[in-house]
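Q: Could we go through this model together, beginning with the terms and then moving to single residues and the overall fold?

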Amino acid sequence: MMGVRSGKNPTLEFWPIQLHVPKAYTADANGANIDRYRNSGYNALTLMLLPGLWTDGTHAFIIEEADDDGTGAPGTYAAVDTADLLGDTSATFVPITAATSTVQRIDYIGRKRWVRCRYDYTAGSTGAVFAVVALLFSPNILPAA
């Protein structure tokens, strides 16, 4: 195949980022910043919610985006318009309100440089275990093999 360089190493085609580490969450938290321009830029971004043990509370997730603030850092974050999110069943993560083992996936198709996933916890004391990861795909320039 012409134009394909990855061969037996598919990791040349994507970059994983851990937004929320796997643990029990009982307080609101901002996920790590995703710089879509890292390593000369990526054309595609997928976010995945990996649920674990749920005990109580409602666990909601808001995908946010920001422009560069002019210094190479994110400016003010705002919720992503639903037209810029593609999901398996909806354009956002379904909140965790009971025990589930369903992995949720959302594709970001917006044009902002910075993206993150904000976590919002409501009404509980023990919380839920989960992780959120992101995968940047389709690099503009492939890294050296």
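A: Helices (H or I, at least four residues) and strands (E, at least two) are DSSP runs, numbered from the N terminus. This is a predicted model, in which local features need pLDDT of at least 70, side-chain atom pairs count only at pLDDT 80 or more, and totals for chains, interfaces and linings use all residues. Residues are numbered from 1 along each chain as its sequence is written, and side-chain values use heavy atoms, with hydrogens and water left out.

Q: Where is Asn39 found?
A: Asn39 lies in the loop between β3 (34–35) and β4 (42–54).

Q: Is Asn39 buried, exposed or partly exposed?
A: Asn39 counts as partly exposed because its relative accessibility is 44%. Buried means under 20% relative accessible area, exposed over 50%, and partly exposed in between (1.4 Å probe, protein chains only).

Q: What is Asn39 in contact with, leaving aside neighbours within four places in sequence?
A: With those neighbours left aside, Asn39 is in contact with Trp15 and Ile141. Contact means heavy atoms within 4.5 Å. Asn39 and Ile141 are 102 residues apart along the chain, and their C-alpha atoms are separated by 7.8 Å.

Q: Turning to the backbone, what is the phi of Ala123?
A: Phi of Ala123 is near 55°, a positive value in a residue other than glycine. Ala123 sits in the loop between β9 (114–122) and β10 (128–139). Ala123 counts as exposed because its relative accessible area is 65%.

Q: And what about Ser138: what is its phi, and where is its place?
A: Ser138 has a positive phi of about 55° although it is not a glycine. Ser138 belongs to strand β10. With a relative accessible area of 34%, Ser138 is partly exposed.

Q: Stepping back, how many helices and strands does the protein have?
A: There are 0 helices and 10 strands in the protein. Among contacts between residues at least 6 apart in sequence, 79% join residues at least 24 apart.

Q: Which strands form the open sheet, and in what order?
A: An open sheet of 5 strands has the order β1-β10-β4-β8-β7, with antiparallel pairing. β1 and β7 (85–87) stand at the edges, each with a single partner strand, so one side of each is left without a neighbour in the sheet. The twist averages 20° from one strand to the next. Two strands pair if DSSP finds at least two bridges between them, and axes are lines fitted to C-alpha atoms, for helices over the stretch in contact, with angles running from 0 to 180 degrees between N-to-C directions.

Q: How many bridges join β7 and β8?
A: β7 and β8 pair in the antiparallel sense over 3 bridges. Leu86 stands opposite Asp107 in β8.

Q: What does β5 pair with?
A: β5 pairs with β9 in the antiparallel sense over 9 bridges, and Phe61 stands opposite Tyr119 in β9. Another 2 bridges join β5 to the antiparallel strand β6 (residues 78–79), where Ala78 is the bridge partner of Glu65. β5 is mostly covered, with 7 of its 9 residues buried.

Q: Which residues have the most contacts inside the largest nonpolar core?
A: The largest nonpolar core has 24 residues, and Ile34, Leu47 and Phe61 have the most contacts inside it. The elements that give two or more residues to this core are β1 (14–25), β4, β5 (58–66), β8 (104–108), β9 and β10. A nonpolar core is a set of buried Ala, Val, Leu, Ile, Met, Phe, Trp, Tyr and Cys residues joined through side-chain atoms within 4.5 Å.

Q: What does Phe61 touch?
A: Not counting residues up to four places away in sequence, Phe61 touches several residues, including Leu49, Phe93, Tyr119 and Phe130.

Q: How many aromatic pairs are there?
A: Rings of Phe, Tyr and Trp (its six-membered ring) pair if their centres lie within 6.5 Å; planes under 30 degrees apart count as stacked, over 60 as edge-to-face and the rest as tilted. By this rule the count comes to 8 aromatic pairs. Tyr119 and Phe130 form a tilted pair, 4.9 Å centre to centre with 55° between the planes. Both Tyr119 and Phe130 are buried.

Q: Which residues do ring pairs link into a cluster?
A: The cluster linked by ring pairs consists of Tyr25, Phe61, Phe93, Tyr119, Tyr121 and Phe130.
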